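Please read the sequence and the model side by side. The paragraphs below go from the whole chain to single residues.

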Amino acid sequence: MAPGRTTKRRRVSPPGDEGNDASQSSKGSSSSNKFYSNTVEWDLEQDYERRPRKVDKKEQERTRLPIKTAEGLQNVDVSEPEESDSFLGTDDDEEDAASDAGDDMDEGEEEPAEEEKPKIPMKLQIIQAKEELAKLATLINEDPEEHLGSFKTMADMVHNGAHVAIQKLALASQAAIFKDVIPGYRIRPLSDQDMSGKLSKEVRKLQNYEQSLLSHYKHYIQKLTELTKPTKGAKVEVDPTLKSLAINCACNLLLSVPHFNFRAELLKILVNRLAKRQIDADFVKCRETLEEVFSRDEDGIVSLEAVRLLSKMMKAKEFRIHEGVLDTFLHLRLLSEFSHKGSRDRIDRETEEELSNGKKPKQKKEFRTKRERKIEKERKAVEKDMKQADAMVSHEERDKNQAETLKLVFGTYFRILKLRIPTLMGPVLEGLAKYAHLINQDFFGDLLEALKDLIGHADRAELEDEDVEDEDTETATATRDSQREALLCTVTAFALLQGQDASKAAATLHLDLSFFIKHLYRSLYSLSINPDVEFNPNKSLRLPDPNENSSTPQSQSRNKVNFQTPTVLLLRCLQSTLLSRAQGIPPPVRVAGFAKRLLTASLQVPEKSAIATLSLLNQVAKNHANRISPLWHSEERKGDGVFNPYATDIEATNVFAGTVWEGELLRLHYCPQVRDAAVDIEKMISTRK
């Protein structure tokens with residue numbers, strides 16, 4: 001057999017590389033040996049574990065309706081947005097894996113960092129919190145018994161809120177829901193006997209619901225107290241806006257559900273804020289809330305608790321409080337149902353239904369059997385007895401509560417009078433003037449002596465200011481305040497005798513008000529030139545004086561008492577002196593002296609005060625025309641001498657020796673109403689003399 005043909009092999013390497021082949025082969029064998037020796041140190045499983053995996057995505061929710069075709073209904077798939085190239089992330093992960101392959105400690109530290117959740121923008125968090133709160137509120141309002149646990153979720157949002165805005169939303173939402181869910185009665189805490197007693201399923205369910213509601217409400221009130229009065233050792237300070245919101249929530253709850261449990265805690269929140277002398281929106285809110293609570297309270301229980309807390313706080317603070325706190329007492333309903341006097345001119349009817357022609361209107365009678373009529377008669381008798389019993393109990397309880405409240409109020413007023421705190425004298429005298437008819441007659445003598453001392457102090461302060469030529473602004477302010485306090489003292493003194501039966505017992509009690517009448521006569525000239533005679537800090541608009549210090553206007557407005565201007569107080573005093581029946585018929589010298597001095601003062605006072613003064617004089621002329629007519633007609637005078645317009649005593653003026661020349665000037669007044677009032681007085685004198 002012939003030998004096979006052998007294939008010819010070509011030489012690829014150039015002829016000059018024969019010597020290099022041996023060296024390359026030796027190098028290749030050494031590098032391969034080194035490569036295989038390093039494979040022991042590789043951690044291929046760990047590198048593979050670190051690579052991101054492609055997980056099958058869940059089916060997205062179909063948001064489009066199916067399309068009807070000839071073949072049937074077909075679903076329309078929404079085209080998904082193309083994701084970014086995965087190899088970019090893979091390369092980054094491979095590079096990270098290669099760089100961290102030799103460091104085992106770093107691997108353990110970086111694993112939890114990769115598990116951190118992505119940060120959500122704060123605006124989105126607030127929107128999500130609003131949606132969650134709205135959902136919880138809807139569930140509670142739909143069925144409070146089943147979803148009462150949602151209150152705990154809201155409370156957790158207040159405690160663990162990521163931002164103050166979320167905490168405020170949760171706090172306000174809880175207050176709004178509690179106002180809707182709280183029943184119209186007070187929940188009684190259950191005793192051991194009640195818990196162990198046998199009850200029906202429905203009653204047991206209702207008890208559990210009430211106790212759960214009471215527990216959540218208690219925690220909420222405690223949170224409000226914690227926010228409004230943080231502890232001294234607190235590490236984190238409460239946000240001012242959150243504190244203000246907590247006070248507003250407490251005020252709203254006190255107005256909406258004053259009958260419910262934990263009322264005392266809500267009152268403490270308000271009283272603690274009123275204890276501070278800093279005036280801001282929270283202080284005004286608390287004061288207005290208490291005033292509204294006092295005016296709404298019918299049985300007097302809430303008012304008694306609030307006044308007790310206020311009086312206790314004032315004693316603890318040694319009456320270093322703002323005068324607005326005392327002004328809240330003026331809104332109390334202290335025996336207000338029995339303070340009105342009966343009319344002297346007409347008969348007050350208890351019912352609004354008036355009889356027509358003295359006969360009752362005919363009503364259609366329903367047919368009833370004898371048995372039905374007997375049952376109806378018995379039922380009406382029982383209802384009448386029950387109504388009388390309930391009214392008697394409610395009236396007795398209300399009178400008792402109001403008597404205790406009145407005792408606390410007068411105790412506070414008398415302590416301040418004894419201490420003579422300058423900034424609080426105005427509100428105290430305002431309160432005494434309003435409730436003077438409720439003061440016991442045994443205290444009249446001591447109270448009048450205290451009022452005389454206050455007026456004497458005001459007179460001494462006024463004399464000292466007249467002696468000093470260079471008066472400071474603060475001194476002038478003190479003078480104006482002393483004049484107002486003197487007017488309030490006079491109003492209070494006259495109000496003591498106008499209430500109840502004090503006017504009849506004036507002679508028995510030996511109450512002499514001549515001191516107050518003389519002081520009122522002396523102060524007419526000084527009041528007529530007072531620039532603040534019509535100033536009311538709540539209603540009057542006045543620009544600050546650029547020449548005064550910055551602190552002076554604030555102190556001036558703070559020292560002003562809130563309710564009545566000096567003109568109104570003066571007219572009240574004059575009406576009690578000249579026209580009140582409790583004082584009897586005044587002597588002619590007193591009426592003529594006041595009339596002459598009031599006409600002189602009306603030339604100096606502003607327009608509105610002049611109109612009010614002349615209107616009062618018109619009433620005086622109507623009632624006492626015969627006593628004051630000699631001032632207009634000189635032929636009817638019985639005395640002679642010289643008129644002394646500056647005398648401090650009424651009898652020393654010799655008033656019938658003068659004439660009313662002020663009427664001619666008032667006829668030329670720029671205000672037509674003042675001119676008409678002056679003419680009316682002269683007509684009244686001429687027609688009734």
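Residues are numbered from 1 along each chain as its sequence is written, and side-chain values use heavy atoms, with hydrogens and water left out.

The chain has 28 helices and two strands. Helices (H or I, at least four residues) and strands (E, at least two) are DSSP runs, numbered from the N terminus. Of the 689 residues, 35% count as buried. Buried means under 20% relative accessible area, exposed means over 50%, and partly exposed lies in between (1.4 Å probe, protein chains only). Contact means heavy atoms within 4.5 Å. Among contacts between residues at least 6 apart in sequence, 73% join residues at least 24 apart.

How far can the model be trusted? The predictor's confidence in each residue is given by pLDDT, from 0 to 100. The chain averages a pLDDT of 76, and 69% of the residues score at least 70. Over residues 104-114 the pLDDT is below 50, and this stretch has four contacts in the model beyond near neighbours in sequence. Residues 338-356 also have a pLDDT under 50, with nine contacts beyond four places in sequence. Where pLDDT is low, the predicted coordinates should not be read in detail.

Next come the aromatic rings. A pair of aromatic rings is described by the distance of the centres and the angle of the planes. Rings of Phe, Tyr and Trp (its six-membered ring) pair if their centres lie within 6.5 Å; planes under 30 degrees apart count as stacked, over 60 as edge-to-face and the rest as tilted. By this rule there are nine aromatic pairs. One of them is the edge-to-face pair of Tyr-217 and Phe-260, with 5.3 Å from centre to centre and 70° between the planes. Tyr-217 belongs to helix 9 (residues 201-228), while Phe-260 is in the loop between helix 10 (240-256) and helix 11 (263-274), so the pair ties together parts that are 43 residues apart in sequence. Tyr-217 is buried, at 0% relative accessible area, and Phe-260 is buried at 0% too. A second pair is that of Phe-410 and Phe-414, which is stacked because the ring centres are 6.0 Å apart and the planes are at 15°. Both residues lie in helix 15 (residues 370-419), four residues apart, or about one turn of the helix. Phe-410 is buried at 8% relative accessibility, whereas Phe-414 is partly exposed at 28%.

One aromatic cluster is formed by Phe-151, Phe-178, Tyr-217, Tyr-220, Phe-260 and Phe-262. Tyr-220 from this cluster is also a contact of Leu-171. Leu-171 is found in helix 7 (residues 164-181) and is buried, with a relative accessible area of 0%. Other contacts of Leu-171, leaving aside neighbours within four places in sequence, include Val-158, Lys-223, Leu-242 and Cys-249. Leu-171 and Lys-223 are 52 residues apart in sequence, and their C-alpha atoms are 9.2 Å apart in space.

Rings can also have a charge over them. This applies if NZ of Lys or CZ of Arg is within 6 Å of the ring centre and within 35 degrees of the ring normal. Arg-597 lies over the face of Tyr-521, at 3.9 Å from the ring centre, and over the face of Tyr-525, at 4.2 Å.

Grid points are joined across faces, edges and corners, and a volume is the space filled by probe spheres set on the points. The whole structure has six cavities of 30 Å³ or more. The largest cavity holds about 130 Å³. It is lined by 13 residues, and the closest to its centre are Leu-570, Leu-598, Ala-601, Val-605 and Thr-613. Helix 23 gives the most to this lining, with four residues.

Finally, consider the backbone. Most residues other than glycine have a negative phi. Arg-420, in the loop between helix 15 and helix 16 (425-434), has a positive phi of about 55°. Arg-420 is partly exposed, at 42%.

Notes
Predicted model: local features only at pLDDT ≥ 70, side-chain atom pairs only at ≥ 80, totals over all residues. 1 Å grid on protein atoms, 1.4 Å probe; cavity = no way out; pocket = protein on both sides within 12 Å on 5 of 7 lines; lining within 4 Å.
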